[in-house]
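This report covers selected strands, a helix and the nonpolar cores of one model. The sequence and structure come first.

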Amino acid sequence: MRYLSKTLITLSLLSLSGFSYSQCGAPVPKLCDADGDRYVDSDDIHAITLAKGSLATGPGDIRDIDGDGTITLLDARQCVAMCDEPRCGSDFPGYTVIKLAAGDDLETRTQAALIDAQPNTVIELPAGTYHFKGELSVSVDNIVLRGQGMTANGGTVLNFAGQTTGAQGIFATGNNFVVEDLAVEDTPGDGIKMEGNNGVTMRRVRVEWTNGPDENNGPYGLYPVQTRNVLIEDSEVRGASDAGVYVGQSEIIIVRRNYVYENVAGIEIENSKFADVYDNYTTGNTGGILVFDLPGPPVQGGEATRVFNNRIIDNNEPNFAPAGNIVGTVPSGTGLMVMANDDIEVFGNTIEGNRSFATLIVSYYFVNLNVSKPTYDPVPEKIYIHNNTMSNNGYDADGDAALIGLVLGAPQANFYDSSGVGTNQGLLVEFPDGLTESQAICIVDNSPEGSIGQFNITSILNGGFPGAIPPSTDPAPFNCSHASLPPIVLEPPVDPSDPTEPNPLELCDVAGPGRNVDAYPADCPNLSDYRLFADASNPLENANGGVIYDLNTPLFTDYAKKYRFVFVPEGAKAAYRATEVFDFPVGTIIAKTFTIQADLRFDDSAQDIIETRLLIRRRDGWTALPYIWNSDKSDAVLTKTGGTQAVSWIDMDGLPRFTDYVIPNTNNCANCHGEEVLVPIGPTARSLNKDFDYDTGTANQLDHWAMMNILSGEPADTGSIPSIPLWGDTSADLQDRARGYLDVNCAHCHSPGGAGDTSGLFLDYFRPFGPTVGKCKPPVAAGGGAGGLLYDIVPGSSAESIMVFRMDSNELGVRMPEIGRSIIHPEGVQLIADWIDAMDPVDCDAP
Amino acid sequence: MPTLQTLKRLSAVILLACIAQAPVAQATMLSLQPGETLANTGDTVSLDLIVSGLGAFSPDSLGAFDISVAYDAAVLSFAGYSLENFLGNIGLSEAIDASGGASGGAVNVAEVSLLSAVGLNNLQPGEFVLASLSFNVLSLGVGAATELSIQQGALLADAAGSRLQFTDAGSATIVNRGSIPLPGTLLLLLGSLLSWRVSHRLTKSCS
């Protein structure tokens, strides 16, 4: 009986690793396998510890591994090294283990396993180095992705240097996700990203850009954002062009025992609450550990972080962050930097050899005076730095940081920027009477006591503010203390969401005339199983009970032509929504078929049918299923892992074009259709409100849907409903066309709750134009994607606008949208550029 | 000008001096701390079982231990123990508590880590608490003392499961040095003395 009631599914060649065989063929018990179940695991270690002190049964006692005749804990510990699974398989009781064998198609099999996995599954990768071309994504709860170690020799290394799809190496959104014992190398974007999870563990993983520091490397190594209950331990990160370990907009965090080196920031806790950062070794970075709170992200109010027992040593790497990134302001040689964060305790650290500062505490005004968000607090308060060992810091301040030494007469190991305190100038009115005792900055009892300087940087840079705290190197104001913060304790894991409903494949075989209306609960293997079209090989017309529709302005997908049909169950109707997607009844199927037209100059040129995507409304929500058409185009086959297909066409200028068309996997579908709750994108009133040429004549689509009895609640007068103009219709208003294009191509991620909402950039059609739509908005986590530019949109200057730069790129980690296209849409880029250039110019740098 | 031979001699002297000054590998040691604890009958005392001389975030690390501590059962009763997390967090299934409990005047504490050698190296400083032991003082007269000691046969294993040699720092002692007056009692006593002295003076002056 195994201690863990898990099922072992071995996809590799069957390996009866629990037994060796004698010459006569009888199985020989395996050393340490005390319970005889063929596996050495924690059950066996438990059994051996229970027998400690007893005599071995003889020379063949498999528990007496050292052969001294007595069962001892020496035997138990030696058997730990013989366990068949890391930690002796003790850490995930009840999980199903899926072991994947080595092979060229490991990427496909891994992604398939991640898609098909039920909650409580360990997916174990083999040792070796594997070159992956696409992002690994997982959305199921309680999944463990595990390798055989993070070292190059003997471990599991996933190298993404040749990546062509996806924005990061590994991307997980499910709760209680664990990644451990593997390495991720050379991703164009982030190494391992988690978003929106409750329960994140990254353990013994290595993320490395093997070329070392380079501004073209991905921004973040280990990157949980908008997460809760985060544990990052015993890991290594090297070469990130922003932060090696970056925890953003999250709560309840432990970052411990990691080795982070040669990144811009070693560890960064940003816009997060309740964090313990300890026993880490940060060296060779531009800055060792940063604790920031910034106005851009949608979640703010960073506070309650403890930084202790870390070794923060020789962080003197020149800053190699791409221009425009906030970490580009970190002086080379910074040990610890706190920006605009509150209630921080720093103790027991060894901080040495950092050329600019041991500690640097600044307000957000340090990087930008232009703070207009009333809910944002740009001033750091209640910072308590005590009992650290500090030596040889601040001896050669980097660049502008050297000015601090010039102002104060000598370089300072510790510096406090009092901007926003003790002044009544302009924006800086938060603390006109200074910080209170309970808000004080305390730097005390360090050994040796390093020099401490302070002044109001914004006052100095702006010619002096009345009431500003004058430059001083007197340590007395910092001689204070605060109560210690409590340790962070992670919350118990949340229960996984209900397992996916059973897949009743028998419904795919229900016979009958017309559409197979019974099949909607099943993921049928072939598109034809649903009988959506009169001719199974022609998904472009003659839908069985479906209504064809078109959108006012379409999503750009490599010039593919799209044929959309909605199938609403007979007798049921979708409910009209003025701004949101219509509410469709259970049993609805939306089918979208993508074709590549041979010659874009002629509407009637031949079409190659590539894929049909189904969105099916089931009792528990929408499901996305990608079907790829077979070579003879007789049917399409369900392919949850997606794929690529080489396609070619003649463009509008008569020139031949070709690309590897990317068919998304089911997890990619969630990137656009919703990370947590899948919903359709297109069927909104504003996108459907136009005339369409039906077989029965031309009619407004909304009127037609009402007439066909598939829509209820729509206004009688469709003229009162807003309508997005076709992006290429130059007779329409330029702003409306541009905002419509952004709405359809970008807002599915860049809207509240979308995958891109961590950026704070929202591009939905009805949002008034302002900073949240990109106007003078600095990026949050663009990395090299900013292209050295400072703002998403600089009114009047498309050349200075990150939005245009990213749309006009096809480089992974830069291009936007991240998925859905493999080539640039120059006409779309031009539209957005024209819109921005037509705006009244604004100086985004002005306060 | 110094000759080559002189330089060689000088180098040899410097080398020997360096060798003499070089840190000697610290021996692994087990100890019970504090070495002396004051207690009265009815008190509960706590002792830490400490290992020192390990590699401090590098080999040697401790992979397992199995230690019994002897005590006088007529004087002390075992009240409980707790294991620290330096071999892994037992609650997270990183280690197994293999302790045998108390019997016959000895308490056994034992643990096996399930972490890898690298994991242990990252986790362990050179010196740390293995376990904390609590005892109730059953009967300890004023001026009396009782000793606790690590029994022979204690076992330390390194990360590979090989036996680690160690030295025993010696026994710990619990001593009853007699009751110390409580502050309230002390005040009463002082007050009594003062009033006695005042009354004595008054008596003298009146006489």
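In strand S39(A), Ile596(A) has Asp608(A) as its bridge partner. The model is predicted, so local features need pLDDT of at least 70 and side-chain atom pairs count only at pLDDT 80 or more, while totals for chains, interfaces and linings use all residues. Residues are numbered from 1 along each chain as its sequence is written, and chains are lettered from A and ligands numbered from 1 in the order in which they are written.

The bridge belongs to a pair of antiparallel strands of chain A, S38 (residues 589-597) and S39 (residues 607-618), joined by nine bridges. Two strands pair if DSSP finds at least two bridges between them. Helices (H or I, at least four residues) and strands (E, at least two) are DSSP runs, numbered from the N terminus. Both strands sit in an open sheet of six strands in chain A, ordered S35-S36-S38-S39-S40-S41, with antiparallel pairing. Its edge strands, S35 and S41 of chain A, each pair on one side only. From one strand to the next the twist averages 25 degrees, with axes as lines fitted to C-alpha atoms and angles running from 0 to 180 degrees between N-to-C directions.

| Edge strand | Residues |
|---|---|
| S35 (chain A) | 547-549 |
| S41 (chain A) | 636-638 |

Chain A as a whole has eleven helices and 46 strands. Of its 847 residues, 53% count as buried, meaning that 20 or more other C-beta atoms, placed from the backbone, lie within 10 Å of a residue's own.

Helix H9 of chain A (residues 734-745) has twelve residues and reaches 16 Å from its first C-alpha to its last, close to the 16 Å expected at 1.5 Å a residue; the expected span is 1.5 Å times one less than the number of residues. Nine of the twelve residues of H9(A) are buried, so the helix is largely enclosed by the rest of the structure. Among them are Arg737(A), Tyr741(A) and Asn745(A). The buried residues of H9(A) pack against helix H11 (826-837) of chain A.

A nonpolar core is a set of buried Ala, Val, Leu, Ile, Met, Phe, Trp, Tyr and Cys residues joined through C-beta atoms within 7 Å. The largest has 113 residues, of which Val245(A) and Ile253(A) touch the most other members. Strand S11 (residues 177-185) of chain A gives this core its largest share, six residues. Apart from this core lies another, of 61 residues, including Tyr39(A), Ile62(A), Leu83(B) and Val112(B).

Note on methods:
Two residues are in contact if their C-beta atoms, placed from the backbone, lie within 7 Å.
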